[in-house]
Amino acid sequence: MDTIVEIRQMSKSFGPTVALDHVDLTAYGGEILGLIGENGSGKSTATSIYAGMQNCDEGEMLFRGEKWNPSSMNDALKKGVGMIVQENGTVPGISAAENIFLGETKEFMSGLFVNRKKMIKDAQDALNRIGADHINAAAMTGSLDFQDRKLIEIARVMTGSPSVLVVDETTTALSQKGRDIIYRIMQEMKEEGKCVIFISHDLDEIMNKCDRLTVLRDGKIIRTFSHDEFEEGAIKAAMIGRELKGSYYRDDYDGTVSKETVLEADNLNLSNQLKDFSFSLHKGEILGIGGLSHCGMHTLGKVLFAAEKAESGTFTVNGHTVRNEAEAMKYNIGYVAKDRDVESLCLEASIKDNIAIAGLDKFAVNNFLILPKREKQYVNEQVESLSIKCHDADQYVSTLSGGNKQKVAFGKWIGRDSEILILDCPTRGVDIGVKQAMYQLMYRMKQEGKSIILISEELAELIGMSDRLIIMKDGHLAKEFARSPQLSEADAIEYMI
Ligand SMILES: Nc1ncnc2c1ncn2[C@@H]1O[C@H](COP(=O)(O)OP(=O)(O)OP(=O)(O)O)[C@@H](O)[C@H]1O
Ligand SMILES: [Mg+2]
């Protein structure tokens, strides 16, 4: 096997945080190398340095045996290394085509002008080639949803025909269609003798797709598993340094949900996203909502928090109409949006400010006079209960690892004791230990009589956690399942497609 990627003794610190501590990593041609580790263990930092996004403090990198020092991501891609980043990798205010050829528009110059027609045609070809022909290359990127923006990024990276592709925690936010596109590209690259580095927190997915697996913890390489050594318990233990005890999801099936309705939606309609959609949510209920990415479930979450307005139909919370987000908060609704960087978080502000803003009424007098001690205590409780990995609560959210950002988005609403929580893909990108803690927290809230709407692309988590599961299709309610140990993913999928 050809050695393609070599990282030797790489170290990197951000102020007091040691992100990488003498990391050695090798990846071969014809393989998919998995990278796994807790949130903040250094996966994105190591791979992004190799892909030209930032520099290391110490260490050496080689590409096919030659010294490797890309000056930028575009430079790395030109020389054969592409990365699909964990966060948003597209610019919203320009077209899909411009994103695909970002920084490379020279190729389309005719005289003083860019030949847009040719650029859009080539971009459309790039999208079609990866199987994303439903995206119009001329469309404004900001008008597209998270999945389609990720597909634009993939199309962009693939125009460089890289011989190394890094896929950083991309799949959990994608529907099956998006995932299949990535899996197919990974498989093709492997067959062509190229190399894929695949980062994911989904152990099943990693064990299924990867040939080898390297585990990072606290910036250090702990162990590399060959395929015949793959064993769930051993991998988890290497990741977190201890055995993970207790069950992952809740294990009760006795169906204790009160008859009391807390939220009632009646014939909601919104273009082709919601069609005569009615349902009710009960006190102490975890209501799961699943379906394909475009089935309308993500829009439903926004509508119920009044962040988007239905064209017709009504919904009430304990008998009150909710007209805007401020009213939603007044009636104790919390909402964790799927697109955390754009909708849930203020990246250029501290962890403290992000968490505190939703809980103002808990530690400020008349929402005005902040009691600093109480604020600090409130924020620290969230930081600790979700083990947000940070130097202190004043650290900017933009400098947190992906999973730790997600914990902030979650903690912001959990902390304020919302009576109704709308969680859209809440466990996206968090490691297995924290995921378990989040499930336990949801269950505890349910037992306290809080109600949760859990919108997710992960059927296993929906089936594992919901008292009732609604499958949506094309904006309609396609099927409702009661909680049952017999309910399988296949049962649900049948109504999704
Ligand atoms: N620009 C930055 N400034 C300060 N700290 C940073 C910066 N970038 C990364 N870090 C820190 O470096 C550590 C490693 O982060 P990294 O993003 O590599 O983790 P990760 O393994 O990818 O985690 P996740 O699974 O959550 O994505 C974290 O503690 C993170 O907060
Ligand atoms: Mg990361």
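**View 1. The buried residues of helix α16 are I432, V434, K435, M438, Y439, M442 and K446.** Seen down the axis of α16, these buried residues fall within an arc of 160 degrees, so they line one face of the helix. The pattern has a simple background: an α-helix has 3.6 residues a turn, so residues three or four places apart point the same way. Please keep in mind that the model shown here, and in the views below, is predicted.

**View 2. Here is helix α16 from end to end, spanning residues 432-447.** Its 16 residues reach 23 Å from the first C-alpha to the last, close to the 22 Å expected at 1.5 Å a residue. On the face turned away from the buried side, look for the exposed residues R444 and Q447. After the helix comes G449, which has a positive phi, near 95 degrees.

**View 3. Several elements cover the buried residues of α16.** Among them are the helices α7 (203-209), α8, α15 (402-414) and α17 (459-465). The strands β15 (286-291) and β22 (451-455) also take part in this cover.

**View 4. Six strands form an open sheet with mixed pairing.** Follow the order β6-β9-β10-β3-β11-β12 to find your way across. At the edges are β6 (81-84) and β12 (220-226), each of which pairs on one side only. From one strand to the next, the twist averages 20 degrees. Helix α8 (residues 232-240) lies across β3 (31-37), β11 (212-217) and β12, and runs at about 30 degrees to β11.

**View 5. Strands β9 (residues 164-168) and β10 (residues 195-199) run parallel.** Five bridges join the two strands.

Definitions and conventions. Residues numbered from 1 in each chain as written. Chains lettered and ligands numbered in written order. Predicted model: local features only at pLDDT ≥ 70, side-chain atom pairs only at ≥ 80, totals over all residues. Pairing = 2+ DSSP bridges. Helix = DSSP H or I, 4+ residues; strand = E, 2+ residues; numbered from the N terminus. Axes fitted to C-alpha atoms, helices over the stretch in contact; angles between N-to-C directions. Contact = placed C-beta atoms within 7 Å. Expected span 1.5 Å × (residues − 1). Buried ≥ 20, exposed ≤ 12 C-beta atoms within 10 Å, placed from the backbone. Arc of directions from axis to C-beta.
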